[in-house]
Amino acid sequence: MSNNESDNELIFLTEELVFPPLEKADEDGLLAVGGDLSVERLLLAYKKGIFPWYDSQQPIIWWSPNPRMVLFPSELKISKSMKTVLNSNRFLLTKNECFDDVVTNCANVKRQGQQSTWITSEMKVAYSELHKIGVAKSYEVWENNKLIGGLYGIDLGHVFCGESMFSTTSNASKFAFIKMVQELQSKNYEIIDCQVYTDHLASLGAREIPRNQFVKILQKN
């Protein structure tokens, strides 16, 4: 890591397992570039409130936005239409049944304003390794024995860091998200990390909090 003193100078990581202070991030949350996606580095990153986000044409880019979009489980909002879906027997939810399939589907989803996916082949391998040690987890939604939606993220024991979700049928990803939040609330998780603001997440009850408040919650474990 460079020993730069300028807040605007890009920080490049080396093989050393260390990240710069979060205060070094720019106004968009960009903190550092480089390093690797080893299990050890990823675990360190998430425990510090840092995550990788880049596409196949870029080097590894690490982010820690301020403010941070989070959902406190007790603040989950469920619309009347989703309550109807939840009360029906239309969808079946499973957990960790097909993690790699969920990640692949998330990578293949066409997203507005994005020409390429940030879930690169390198990222898929890295998160699959995290899944093997029980840290990365998936929730799957099925209809008529067909995978139609789901999400995955990093489970820190009291904070769940959501990474991505997909849906090939209306409301499938919302179903997975709501069911996940309800489960985590029953297990006394403090927050679900949603990373950055979207209208979709806000409609479900997520809101922005200062990064230092988010980090304090992370450090409770």
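## Helix α4 and the residue after it

Just after α4, G134 adopts a positive phi of about 85 degrees. Helices (H or I, at least four residues) and strands (E, at least two) are DSSP runs, numbered from the N terminus. The model is predicted: local features need pLDDT of at least 70, side-chain atom pairs count only at pLDDT 80 or more, and totals for chains, interfaces and linings use all residues. Residues are numbered from 1 along each chain as its sequence is written, and side-chain values use heavy atoms, with hydrogens and water left out.

Helix α4 consists of 12 residues and spans 17 Å from its first C-alpha to its last, close to the 16 Å expected at 1.5 Å a residue; the expected span is 1.5 Å times one less than the number of residues. M123, A126, Y127, S128 and L130 of α4 are buried, where buried means under 20% relative accessible area, exposed over 50% and partly exposed in between (1.4 Å probe, protein chains only). The cover over these buried residues includes α1 (39-48), β3 (51-52), α3, β7 (136-143), β8 (146-155) and β9 (159-167).

## Packing of α3 against α4

Two packed helices are described by the angle between their axes and the distance between the axes. The axes of α3 (residues 99-108) and α4 (residues 121-132) come within 10 Å and cross at roughly 150 degrees. That crossing angle makes α3 roughly antiparallel to α4. Angles under 35 degrees count as roughly parallel, over 145 as roughly antiparallel, 65 to 115 as roughly perpendicular and the rest as oblique. Axes are lines fitted to C-alpha atoms, for helices over the stretch in contact, and angles run from 0 to 180 degrees between N-to-C directions.

On the α3 side, F99, D100, V103, T104 and A107 meet K124, Y127, S128 and H131 of α4; contact means heavy atoms within 4.5 Å. By class, this contact of α3 with α4 has four nonpolar, three polar and two charged residues. Ala, Val, Leu, Ile, Met, Phe, Trp, Tyr, Cys and Pro count as nonpolar, Asp, Glu, Lys and Arg as charged, and the others, Gly among them, as polar.

## Backbone features in loops

Most residues other than glycine have a negative phi, and most peptide bonds are trans. A cis peptide bond links N66 and P67, with omega about 10 degrees; P67 is in the loop between β4 (61-63) and β5 (68-71).

N144, in the loop between β7 and β8, has a positive phi near 55 degrees and is exposed, with a relative accessible area of 73%. N188 also has a positive phi, about 65 degrees. N188 lies in the loop between α5 (172-186) and β10 (191-195) and counts as exposed at 64% relative accessibility.
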